[in-house]
Amino acid sequence: MKLSTRYNRVNILTSSIILIITGIIYYFFIHLILTNKLDKDLAVEEDEIRQYTRTYQKLPLPASYLDQQVSYRELPGNTNDIREFSYTTYLNQEENDREPGRSLVTTVHLKGKNIQVTITKSRVESEDLVRVILLITLGVTLILLVSLFLINRFVLNRLWMPFYSTLKRMKSFEVTKIGEVSQDLTEIDEFIELNQSVNAMADRVKQDYRELKSFTDNASHEMMTPLAVINSKLDSLLQTESFTAQQGALLEDIYQATGRLARLHQSLLLLAKIENNLITDAQELDFKDLVESKVRQFQELFERDGLTVEVRLSNKTVIMSRYLADIVLNNLFSNAVRHNLRDGRIVIALSKTALVISNTGKNVNDTGRLFDRFSKSPESEGMGLGLAITKQVCNLYGYHINYEQMNGMHQFSIFFDPES
Amino acid sequence: MKILIVEDEHALYESIFDYFTGEGNICEHAADFNTASEKIQLYSYDCILLDLGLPGGEGLDLLSQLKKSNKKDGVLIISARHSLDDRLSGLDLGADDYLVKPFHLSELKARVTAIVRRKNFDGDNVIKFNEINVDVSAMNITVNNNPVTLTKKEFDLFVYFLSNKNKVVTKNAMAEHLWGDEMDLSDDFDFLYTHVKNLKKKLGEAGAKDYVKSVYGIGYKFTEA
C-alpha cells in the first residue's frame with residue numbers, strides 16, 4: 001500500500017468518524033438547549049397565568065399568542081397537582097397545519113377548583129434551526145472530506161515526488177557506475193537529508209567496492225606472482241639436465257600441485273568476485289548454442305568413458321556473463337562425466353524454464369552439503385568448489401539450482417525463473 | 001625474434017629470458033614503467049611481453065602509448081589479474097593476446113611465436129621445418145609435399161611442438177593448451193597420449209622422421225637430434 005493511500009485512508013476515516021460524532025453531539029446539544037429555552041418560555045407563561053389567576057381570581061383568556069396556545073380543563077376535586085413537560089403536536093390555526101410542539105401541563109387552584117392548564121408552544125422554529133445547523137455541519141463535513149482527499153491526492157503526491165525520484169535512482173544504482181544517486185533539488189528538509197544520506201551511502205558503497213576490487217586484484221596478483229615464478233622455474237629446470245624417471249615423477253608431482261594451487265586460488269577468487277558482484281559483463285546469450293558447443297567440447301570425454309549422451313534442447317536466451325555461463329556448464333558437464341559409470345548415460349535437456357542435466361552414477365548419500373565449499377565425495381578428484389561456484393552464479397542471476405536422485409540418475413536442474 | 005620483456009618480478013623475467021634466448025632470439029628487459037616506456041619509444045620489437053602491474057605506472061598505459069605512436073609491435077599481456085575488465089580493455093586497446101599468470105613457458109612461447117608469425121607473414125603463414133611444411137592459416141601440413149591429414153587437436157599440438165623446438169614441454173602444459181584449464185583435464189593425460197601417438201604415426205607414415213621424444217615420463221621434446 002502506498003504511503004499516501006494509507007495516510008488518506010486513516011485520515012479520511014478518522015475525519016469522518018470525528019465529524020459524524022461531532023455532528024451528533026452538536027445536534028443533541030442544540031436540541032437540548034433549544035428545548036430548555038422552550039421550557040423556560042413555558043414556565044414564564046405558567047408564572048404569568050398563576051399571577052393573573054392570583055390577582056384577578058379568574059383564568060386569563062385562553063387566547064393564542066404567536067406560536068403559543070393555552071387551554072384549560074377542570075379536573076375532578078381531589079387530583080394531585082401535576083407539572084410536566086412533554087413533546088406534543090401544535091396545531092397551527094393560521095396555516096391549519098400540525099407542527100411539532102412542546103407543552104407544559106400544570107395545575108392552578110382557583111376558587112377551590114383544580115384546573116389543568118396546558119400551554120403548548122410550536123417547536124417548528126427550533127426544529128428548523130436544528131435542521132439548518134445539521135445541514136451546515138454536514139455540508140462542512142463533506143467539503144472538508146473532499147478537500148482533504150484532494151489535498152492528499154495532489155499535494156501529497158507532489159510533496160513526495162523527490163522521494164520517489166530518489167527511490168528510482170536508488171533502484172537503478174549500480175556500484176560499478178559513476179555518478180551520484182540523487183541530485184534532485186527540493187526544499188523539504190527531510191528529503192534534502194535523505195538525498196544527502198543516500199549519496200553518502202552510495203559513496204561509501206563505491207569506496208568499499210573499489211577497495212574490495214583492488215584488494216581482490218592485489219591478492220590475486222600477489223599470490224599468482226610467486227606461483228608464476230615456481231611454474232617458470234620448473235619449466236626452466238626441466239630444460240637443464242637429464243633426469244632420472246624418479247626425478248621426473250617428483251617434478252610431475254610438483255607441477256600437479258602447482259597447477260592445483262593455481263586453479264584453487266583462481267576458483268576462490270572467482271567465488272569472491274561473484275559474491276561481490278564484480279563480474280558485470282552480463283549480456284544476452286543463446287543458451288542453446290552454448291550448451292551445444294559445450295557438448296562438442298566434451299565429446300572426447302564422453303567417448304573415453306563410453307557414455308551415451310542424450311541432448312534435448314529448445315531455444316533459450318539468458319542474460320548472463322558468457323564467462324560465468326561457460327564456467328557453470330563446465331562444472332555441470334565435468335561433474336556428470338566424473339561421477340558417471342563406465343558406459344553410463346547423460347541426459348541434457350534445455351527448456352524455456354530449466355536446464356536439466358542428469359547422469360547415471362553410484363548412489364551417494366545426499367548430505368545436503370552438496371553445494372557447500374570444499375564438500376566433495378571421498379573419491380572425487382575435484383576441489384569441491386565447482387558446485388559452490390555454480391550455485392553462487394545461479395544466486396547471482398536469481399536462478400535456482402536443485403539436485404535430486406531419481407531412478408538411479410543424479411539430476412541437477414537450474415530453473416531460470418524460480419518464481420513461476 | 002626481438003622481444004621486450006616488461007616484468008618487474010626478476011625471477012620470472014629470468015626464466016622467460018632463458019627460455020626465449022637462443023635460436024636467433026634477442027630478449028630485452030624493462031623492470032619498471034619508465035624504462036619500458038623509453039625502450040618502446042626508441043626501438044621496435046617483434047613482440048612485447050607486458051605485465052600490467054608495474055612500478056611507476058600501469059601496463060595498459062604503455063599499450064596506449066604504443067598504439068598512439070602507431071607502432072606495429074605485437075603485444076602479449078601477461079598478468080596475474082584474471083579480471084575480465086582488464087582482459088577486455090587490454091584487447092580493446094590493441095593487445096594481441098592475454099595470458100594469465102601462472103603460465104607455462106611453453107605456452108608463452110607458443111603464443112608469442114603465433115603473434116610474431118601473424119605480424120611478419122601477412123597472409124602467407126607457412127612454417128618450414130626440414131621436410132615438413134606447415135601452413136598455419138590453411139591448417140595444412142605436408143611432408144615432402146605429401147599432404148598429411150590431421151585433426152584440429154593434432155594440428156594444434158604440432159604447431160605447439162614447433163614453437164617449442166628443442167624444449168621439454170610438460171604434459172600439463174600441453175593438456176592446458178589443447179583443452180584449456182577450465183575443463184579440469186590437466187590431471188588426465190590419456191587423451192594427450194592418444195593425440196601424440198596419432199600425430200607421430202601420421203607424420204611417420206607420410207615419411208617424416210620421428211622428432212617427438214618422450215622425456216622423463218613427464219613431457220615431450222620436439223628435436224632434430
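Trainee: How many bridges join strand 1 of chain A to strand 4 of chain A?
Mentor: In this predicted model, 7 bridges join strand 1 of chain A to strand 4 (residues 113–122) of chain A, and the two run antiparallel; strands are DSSP runs of E with at least two residues, helices are runs of H or I with at least four, and both are numbered from the N terminus. Arg73(A), for example, has Gln116(A) in strand 4 of chain A as its bridge partner.

Trainee: And what order do the strands of that sheet take?
Mentor: The sheet is open, with 4 strands of chain A in the order 1-4-3-2 and antiparallel pairing, where two strands pair if DSSP finds at least two bridges between them. Strand 1 (68–74) and strand 2 (83–92) of chain A are at the edges with a single partner strand each, so one side of each has no neighbour in the sheet.

Trainee: Which helix packs on the sheet?
Mentor: Helix 1 (residues 3–56) of chain A does, touching strand 1, strand 2, strand 3 (97–110) and strand 4 of chain A, and its direction makes about 40° with that of strand 3 of chain A. Contact here requires C-beta atoms, placed from the backbone, within 7 Å, and angles run from 0 to 180 degrees between N-to-C directions of lines fitted to C-alpha atoms, for helices over the stretch in contact.

Trainee: Switching to the interface, how many residues of chain B are in contact with chain A?
Mentor: There are 35 residues of chain B in contact with 40 residues of chain A. On the chain B side, helix 1 (10–20), helix 5 (105–120), strand 12 (168–170) and helix 8 (190–205) each supply at least two residues, and helix 1 of chain B gives the largest share, 6 residues.

Trainee: At what angle do helix 1 and helix 5 of chain B cross?
Mentor: Their axes come within 10 Å and cross at roughly 60°, and helix 1 and helix 5 of chain B are therefore oblique to each other, given that under 35 degrees counts as roughly parallel, over 145 as roughly antiparallel, 65 to 115 as roughly perpendicular and the rest as oblique.

Trainee: What confidence does chain B have?
Mentor: Chain B averages a pLDDT of 86, with 92% of the residues at 70 or above; pLDDT is the predictor's confidence in each residue, from 0 to 100. For the complex, the predictor gives an ipTM of 0.86 and a pTM of 0.64.

Trainee: Which conventions apply?
Mentor: Residues are numbered from 1 along each chain as its sequence is written, while chains are lettered from A and ligands numbered from 1 in the order in which they are written. As the model is predicted, local features need pLDDT of at least 70 and side-chain atom pairs count only at pLDDT 80 or more, whereas totals for chains, interfaces and linings use all residues.

Terms used:
Two residues are in contact if their C-beta atoms, placed from the backbone, lie within 7 Å.
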